[in-house]
Amino acid sequence: MELSVINIILVMVTCAMTAFISHMGMAVFHDGIRPVIPEYIEGRMHRTEMATIAFGLSVGFIASVGIGNALATNLLNPWLLFLATDIIGIASPKKWLAPILGAAYGVLCITAIGGVNTVLTGMPVDLIGALGNVGTYVVTGFAIFPIITIIMQFGMRTGIISAVVVVVFRFGGPKFSTISADAWTMMVGVVLLVALCIYRDAKDKQDNKEGETLNVFSERTARIKKNLPFLMIAGALIAVICNIHVFAGSDVSMFDLSKAYVMTDAAEADALIKTVATNEFMRGLSFIPLIATTAVTTGVYGVAGFTFIYVAGYLSPNPIIAAVSGAVIIFVEVILLGLIGKFLGRFPSMRDASDNIRSAMNTCVEFALLIGSISACGAMGAGTSAGAEGGFLIGGVIYLINEATGRKIMRMAIGPIAAIATGLLLNLTYLIGLTPLV
């Protein structure tokens, strides 16, 4: 991540804007905070109560997933930036104070992460290099989520049949040079999931009733449209910080992007970025039911919209085109939001699937991060007299202590944190002579 004046200013302005729109109740990043904001806007909750809820929902993600992934990839991420600006904006008593505090936080993040990485890179046991293993299986693991969602929503039998179909298509189906095997796997799974939802609702004939239910929320959809200029600015800024290689939008993209940005072969790096963008696009499609439903029922949008602005940022040839693309994408999303809400209302199974989708995504990414993190622990241990088994032992003990003590650190974060802690401990034992390098 290049630390330049322009990059610092762009991150600062982005965090200022996201903190401001959070304060105004226009958009937040955390899906769990979105339903709380109308309680404040409509006078049923004080700002201090709302801030307490926002802090409680987000602080764990910031301290673990946000910081852990930033150190592992040397890229900023939405858990580190936007969950914090959610809290900053909501907690700020004045609307002019929110962007100031947000800007200060943005500067702190972009300047501190690079410094911490420099310190870690200079350690005798290769911590940063080994941390590259953390994300090895994330994209492949993430591609499995539609199968897990189908099992959760339609049962084991349907899920197993879907899994067989997906595996057949992955290894024996048509091949496209622009679509990776993982993206192809996920795309087939998503198509099966949508088809099953539509089939169930057509069979149950419940669409009309649900469609009428969602029409009640047209007033809140109109509120989002009223805030469109601010949302477009935020979308443009986020697309730009994706484009300048300081920010990655999700755990699906950040690990591969961190590899692509340091590759010396431009063609190879470009191919990997295109693969990442395809995977991110598929992830965005999968989140439409969740984000659209919470938006039309609360009148509060997502800071990154449906997250397609990440894709625009990765693929745009320069920051100017990225900014224009980000703004246009948010404009189109908001304009179409009412139609999307009505469509989802016609198929309640798709709306119901949003919780299962989110749960399945978390499960798959947690699993992939754990496997990758243990691999990183082994790689660090292999460079010392402790051996790969010693690295595995340290990482495994950290993970199991967390499980045995009631999971103080969420599973999404414990893998990367265990890998970082293993590296630090091995460097400490090296310094006192217990684990010399081999």
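What percentage of the 438 residues in the protein do buried residues make up? Buried residues make up 52% of them, where buried means under 20% relative accessible area, exposed means over 50%, and partly exposed lies in between (1.4 Å probe, protein chains only).

This is a predicted model, in which local features need pLDDT of at least 70 and side-chain atom pairs count only at pLDDT 80 or more, while totals for chains, interfaces and linings use all residues. Residues are numbered from 1 along each chain as its sequence is written, and side-chain values use heavy atoms, with hydrogens and water left out.

The protein contains 20 helices and 2 strands, taken as DSSP runs (helices H or I, at least four residues; strands E, at least two) and numbered from the N terminus. Its C-alpha trace spans about 70 × 55 × 45 Å along the principal axes. Among contacts with a separation of 6 or more, 79% are between residues 24 or more positions apart, a contact being heavy atoms within 4.5 Å.

Most residues other than glycine have a negative phi.

Elsewhere, Val332 is found in helix 17 (residues 319-346) and, at 38% relative accessibility, counts as partly exposed.
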